[in-house]
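Hi everyone, thanks for having me. Please take a moment to look at the structure, and then I'll talk you through a few spots in it.

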Amino acid sequence: MQENDKVVPVGVKGWNWGAFMYNIFWGIGNKTYLPLLCLIPLFNIIWVFVCGFKGNEWAWQKGNYKDVETFKAVQSTWNRAGLVQFIIAIVVIILYFLFFAALFSSISNSYSN
């Protein structure tokens, strides 16, 4: 896919954690506004994955990068932040389920005694 006559190099393609986790902010920061579609309820469940898969390509097409190394340096910050946010979200979800499992177990034990 070409936009603005910019061919996307092979080294640019790939998953972008920043576009996946921070889709709206990432899109505004990279001057690509397709991630704003994540504001649509239910559609956003699918669109966040599209942002993760296509994010690097969109950012390359909209940006003024001299070379692939500069692009990767800029996106590595977004990738690192997105991956850390993803890990934190998974840990919070696990702790949430463990807390409620312990709470329900405690309640059921108090009723059985």
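Let's begin with how two helices cross: H3 and H4 have a right-handed crossing. Keep in mind that this is a predicted model. H3 covers residues 43–62 and H4 covers residues 68–112. They pack at an angle of about 120 degrees, and their axes are 11 Å apart. Angles of 65 to 115 degrees would count as roughly perpendicular, and those over 145 as roughly antiparallel, so H3 and H4 are oblique to each other.

Which residues make the contact? From H3 we have Asn56, Ala59 and Trp60, and from H4 we have Val68, Phe71 and Gln75. If you sort the residues of this contact by type, four are nonpolar, two are polar and none is charged.

Now let's move to the loop between H2 and H3. H2 spans 23–29.

What about their backbone angles? Most residues other than glycine have a negative phi. Lys31, though not a glycine, has a positive phi of about 60 degrees. Leu42 is not a glycine either, and its phi is also positive, at about 70 degrees.

Lys31 has 54%, so Lys31 is exposed. Leu42 has 69%, so Leu42 is exposed as well.

Methods: Residues are numbered from 1 along each chain as its sequence is written. This is a predicted model: local features need pLDDT of at least 70, side-chain atom pairs count only at pLDDT 80 or more; totals for chains, interfaces and linings use all residues. Side-chain values use heavy atoms; hydrogens and water are left out. Axes are lines fitted to C-alpha atoms, for helices over the stretch in contact, and angles run from 0 to 180 degrees between N-to-C directions. Helices (H or I, at least four residues) and strands (E, at least two) are DSSP runs, numbered from the N terminus. Angles under 35 degrees count as roughly parallel, over 145 as roughly antiparallel, 65 to 115 as roughly perpendicular and the rest as oblique. A crossing is left-handed if the near helix is turned anticlockwise from the far one by less than a right angle, and right-handed if clockwise. Contact means heavy atoms within 4.5 Å. Ala, Val, Leu, Ile, Met, Phe, Trp, Tyr, Cys and Pro count as nonpolar, Asp, Glu, Lys and Arg as charged, and the others, Gly among them, as polar. Buried means under 20% relative accessible area, exposed over 50%, partly exposed in between (1.4 Å probe, protein chains only).
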